[in-house]
Amino acid sequence: MSSRIIGQIKRVNGPVIEASGITDAGMMELVHVGELGIVGEVIKLEAGGAIIQVYEDPTGLKPGENVYGTALPLSVELGPGLLGSIYDGIQRPLEEIRNLSGTSIQRGITLPALNREKTWHFVPSPEIPEEVSGGLCLGTVQETKHLLHRVLVPPTLHGRLQYLAEEGEYTVDTVIARLETEGRTAELTMMHAWPIRVSRPVRERLPFNAPLLTGQRVIDTLFPLARGGTVAIPGGFGTGKTMTQHAVAKWCDADIIIYIGCGERGNEMTDVLTSFPDLVDPRTGRSLMERTVLIANTSNMPVSAREASIYTGATMAEYFRDMGYHVALMADSTSRWAEALRELSGRMEEMPAEEGFPAYLPTRIAEFYERAGRMETLGGWEGSLSIIGAVSPPGGDFSEPVTQHTKRFIRCFWGLDRQLANARHYPAISWIESYSEYVEDILPWWEERETGNFVTNRREIMELLHREVRLSQVVKLVGPDALPDSQRFILEVCTLFKNAFLQQNAFDDIDRYSTIEKQARMLDIILSYYRLGSAAIKKGITMVELKRIPALRDIVKMKFTVSNENLDRLDSLAIKLERQLTALEGHHD
Amino acid sequence: MTEKIDLEGVQKTLKTGIEYIGLHRVEGPLVFIRKTHPVGYRELLQCVDPKGNIRLGMVLDTTADMVVAQIFESTTGLTLPDTRVRFMGESLTLPVSEKMLGRSFNGLGRPIDGGPVPLGMEERDINGKPVNPTARQYPRDYIQTGISAIDGMNTLIRGQKLPIFSGNGLPHNDLAAQIARQAKVRGTATDFAVVFAAMGVKHDVARYFIRSFEDSGVLEKVALFLSLADDPSIERLLTPRTALTLAEYLAFEKDMHVLVIMTDMTNYCEALREISTLRGEIPSRKGYPGYLYSDLAELYERSGMLAGFGGSITQVPVLTMPNDDISHPIPDLTGYITEGQIVFEREMHGRNIYPPVAGLPSLSRLMKDGIGEGMTREDHPHLSAQLFAAYSYVKDVRNLASVIGEEELTPLDHQYLEFGEFFEGQFVSQAKNEDRTMEETLDLGWKALKKLPAEELHRVTEEELMEYYEG
Ligand SMILES: Nc1ncnc2c1ncn2[C@@H]1O[C@H](COP(=O)(O)OP(=O)(O)O)[C@@H](O)[C@H]1O
Ligand SMILES: [Mg+2]
């Protein structure tokens with residue numbers, strides 16, 4: 001703990017503390033409060049006084065106790081060793097804290113986020129110009145079997161390279177390079193610190209050009225997210241926000257996952273911690289934990305650290321993006337973060353806007369989602385950061401401020417529907433309320449792949465789903481008999497599509513993840529049932545006959561029975577279906 | 001460092017000796033004291049009224065010239081000039097021991113059964129400390145409650161927090177007591193205990209629970225923390241905290257499996273709103289403070305299992321939904337924290353279905369990892385999914401029937417209606433003392449499915465159909 005006293009506690013009434021006698025504190029400076037050394041941050045400065053938000057339980061703090069300054073803004077450590085770790089909202093390593101203080105989190109513990117003892121095998125880059133600047137790759141470390149960690153010059157530095165370490169084993173705090181910059185020498189190690197509230201610079205933003213594939217059919221087929229895009233998942237409790245976040249974290253084709261448990265359940269983090277190491281990334285064959293960093297600031301942990309956790313995660317995500325990787329960040333739940341803002345704002349007695357939230361809520365939400373994007377990095381690579389934010393609207397009512405403001409800053413919306421969840425239709429993503437504005441951006445990507453009629457099929461099924469809504473309203477008023485078979489058949493096909501395609505069981509070993517090829521083929525089979533069936537109805541075949549086709553039972557179960565590796569079995573199913581439908585017509589003629 | 005701690009210790013004893021005479025202001029349960037020594041945030045204090053009665057309080061706001069504290073007992077009888085205040089230099093603690101089983105306490109943890117104060121083995125801060133997520137162990141062992149609506153459809157797992165969302169006049173107390181009586185983990189003879197926290201409930205409700213524990217002969221395994229309807233409402237803020245402090249001690253020091261029943265959480269939240277309003281805080285929804293979520297999480301998260309420890313805490317909080325409205329902040333925020341919910345439906349109660357557990361909105365989030373082969377029975381996951389799906393369709397058919405008339409329904413829809421009748425009348429419905437085994441529950445579920453043709457059963461496998469449906 002630093003010994004520079006910058007003032008004294010004047011008032012404590014929760015996690016926001018007033019200090020007086022402030023001499024030289026800086027705005028956003030990281031401080032330690034009281035003799036326990038509770039971590040805090042200066043969030044307001046006024047004549048001789050300061051407001052400090054503390055990241056630990058303030059119980060026992062008294063007026064008159066000292067406040068110690070560190071002269072640094074609240075920052076995270078970035079370097080080899082992040083992957084596979086679990087941190088709290090201000091990047092304290094939870095495993096190490098457990099070794100030190102047992103099952104509960106003791107206050108006043110400061111531990112380095114990155115292990116200082118562990119050595120990494122550093123390989124310097126072969127050709128480095130004499131003049132280097134931020135983002136340049138000095139060398140690499142094979143952090144995991146699959147991830148090459150690029151050691152970059154920190155974004156804001158530039159200068160003449162005077163020394164670069166040779167290949168060898170180094171700890172993260174060993175000097176591996178020296179720069180001369182404006183007459184001073186800067187010593188670089190494999191790690192550096194970056195303030196969490198400042199987004200890391202890039203060379204330029206690039207347009208979206210590819211989907212972030214998630215293996216979730218309703219997402220990839222109907223409401224795709226672009227690499228570098230932003231999406232919100234709003235839904236009342238129990239509608240499936242966390243399960244969706246987990247499924248995407250497990251199966252999406254990003255290189256790095258940053259998962260933030262922000263003000264949610266402790267057991268859900270334990271669930272990730274126990275299940276991820278044993279799950280295998282289908283693309284690399286390695287444990288999913290090797291590409292993941294967890295940030296856990298659960299609901300019972302201090303509320304100010306909950307506010308910080310979002311920025312801590314975003315900064316780590318940008319760091320990996322800067323190396324030219326595709327990063328996906330999940331925040332569960334951004335509403336708890338917004339509520340933390342509200343609570344802190346209330347304690348500072350600021351004027352509230354809607355529902356007690358501070359007037360700057362929309363600005364903060366916008367700033368957060370703006371950190372996403374597909375970018376050309378300072379080092380000249382292409383990297384992306386996709387943000388997937390859960391929203392927990394009170395009473396499941398989407399008209400509340402956090403959902404409404406979030407909608408302004410995202411371009412993809414996976415709205416969870418209470419009725420679907422109650423009927424155990426999972427994922428309960430509503431096909432009526434959800435949307436993706438990325439469809440146009442990634443059309444060329446789809447067209448380039450040989451996914452057959454995917455683009456037209458997708459449009460056709462969306463149309464059918466919307467027609468179904470109108471038709472079921474009629475049925476609700478007058479019963480199904482009022483509709484001609486051709487229209488009742490649309491209802492049938494939509495039910496089939498919901499059961500056989502949209503519903504996806506996260507707990508089934510085969511069903512939990514579908515490649516885009518499997519999705520395309522499944523969709524094609526369902527639509528050929530529709531097309532051939534509609535034609536048959538025109539020839540006088542009845543709905544009842546169509547429903548009796550034996551292949552239908554195979555179609556309903558294809559998601560469970562046909563694995564991603566065995567897709568040719570879908571071809572034989574398609575042939576079987578066609579044969580049975582033609583046979584029906586044959587009987588009639 | 002050691003030297004400094006000693007010095008502080010001496011200072012503390014000295015200062016706890018200081019008494020301040022006279023209050024600056026009293027407002028409901030809040031007292032304002034001026035010009036004290038530096039007092040810690042959330043420090044415990046004693047308020048001694050002119051007659052010498054001691055009341056406990058906690059510091060909510062501390063500055064050099066004014067301290068605001070909430071008094072946990074009634075402030076009636078406190079006078080401005082003659083009340084004496086002593087600050088205790090620490091936060092409120094509870095002496096805990098196994099001897100507390102079989103005894104009754106008030107919300108502060110003081111005996112109210114006429115017996116002696118049990119000798120505490122250990123003093124524990126009643127606020128607890130947040131558990132490190134890496135120290136938790138994911139709960140997986142199911143508890144057989146003998147109640148089909150729970151065991152079959154919303155299986156309770158040891159270490160889970162599963163609340164009952166009820167309404168005034170619905171039989172939540174019966175269900176909570178029945179769970180407490182019948183709960184067992186099969187195949188293990190383990191040490192269990194029940195910690196019961198009552199907040200603002202009536203005397204007869206407390207008596208009902210006590211009698212129910214007595215009748216099943218487990219009273220000596222139960223610790224009761226009672227803060228009843230006529231006790232000061234502010235005491236309710238402490239009751240669940242003292243109860244959970246004992247539960248943690250029993251679970252993680254004494255390796256016991258502890259079931260904590262907390263009723264009625266609505267009264268707890270109301271007390272919280274009262275204090276918040278008095279302090280002039282900016283309210284969020286319906287006048288409840290913005291920190292209601294975090295405050296409830298501090299309670300509900302004190303459950304579960306810890307890696308390397310033998311015991312567990314299973315919570316069954318009970319709350320009455322104001323106006324039967326599940327979107328009211330109290331059930332809503334609770335549902336966002338707990339691992340599922342058992343929701344009561346007044347309409348089912350009206351049709352004499354006990355327990356009136358609503359089929360669709362009820363959910364056990366931990367069920368998925370605790371059922372199936374090697375745990376309950378291999379058909380359980382698919383069976384329950386199928387029952388949910390079919391029951392959800394029953395609701396659609398009933399709606400349709402109410403519009404076009406039952407006669408107009410297709411034969412298949414009629415079969416669904418029959419299924420619905422059986423499901424509610426035979427599967428969900430049971431007697432208040434009926435204790436069904438898991439097999440009985442699952443078999444009953446298949447019996448219900450037999451009302452439907454096999455082609456309708458998409459969620460079960462061919463093998464399961466062969467074994468349980470045809471057979
Ligand atoms: N894709 C899915 N497959 C199977 N079950 C699901 C799925 N999504 C949600 N569920 C069920 O719904 C429950 C609640 O989901 P969860 O994601 O925790 O909700 P939320 O985070 O919105 O409160 C889960 O415990 C699980 O039982
Ligand atoms: Mg969730």
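This is a predicted model: local features need pLDDT of at least 70, side-chain atom pairs count only at pLDDT 80 or more; totals for chains, interfaces and linings use all residues.
1. Local features require pLDDT of at least 70 and side-chain atom pairs count only at pLDDT 80 or more, while totals for chains, interfaces and linings use all residues. Residues are numbered from 1 along each chain as its sequence is written, chains are lettered from A in the order in which they are written, and side-chain values use heavy atoms, with hydrogens and water left out.

2. The contact (heavy atoms within 4.5 Å) draws 76 residues from chain A and 71 residues from chain B. About 5900 Å² is buried between the two chains, 54% of it on carbon and sulfur atoms, where buried area is the accessible area (1.4 Å probe) that two parts lose on being put together, summed over both. Phe237(A), Arg265(A) and Arg424(A) supply 14% of the area that chain A buries against chain B, more than any other three residues.

3. Three salt bridges (a side-chain nitrogen of Lys or Arg within 4 Å of a carboxyl oxygen of Asp or Glu) are found across the interface of chain A and chain B. Asp61(B) forms a salt bridge with Arg11(A), their closest N and O atoms being 2.5 Å apart, and a network of salt bridges links Lys10(A), Arg11(A), Glu18(A) and Asp61(B).

4. Strand β1(A) pairs with strand β5 (residues 54–63) of chain B in the antiparallel sense over two bridges; strands are DSSP runs of E with at least two residues, numbered from the N terminus, and two of them pair if DSSP finds at least two bridges between them. Arg11(A) stands opposite Thr63(B) in β5(B).

5. Within chain A, the side chains of Arg4(A) and Glu29(A) meet in a salt bridge with an N to O distance of 2.4 Å. Arg4(A) lies in strand β1 and Glu29(A) in strand β3 (residues 29–33), so the pair ties together parts that are 25 residues apart in sequence. Arg4(A) is partly exposed at 27% relative accessibility, whereas Glu29(A) is buried at 4% (buried means under 20% relative accessible area, exposed over 50%, partly exposed in between, with a 1.4 Å probe and protein chains only).

6. Glu56(A) and Arg92(A) also form a salt bridge, the closest N and O atoms being 3.2 Å apart, and Glu56(A) is buried at 3% relative accessibility, as is Arg92(A) at 7%. In chain B, Glu301(B) forms a salt bridge with Lys161(B) at 3.5 Å between the closest N and O atoms, and both residues are buried.

Key:
Helices (H or I, at least four residues) and strands (E, at least two) are DSSP runs, numbered from the N terminus.
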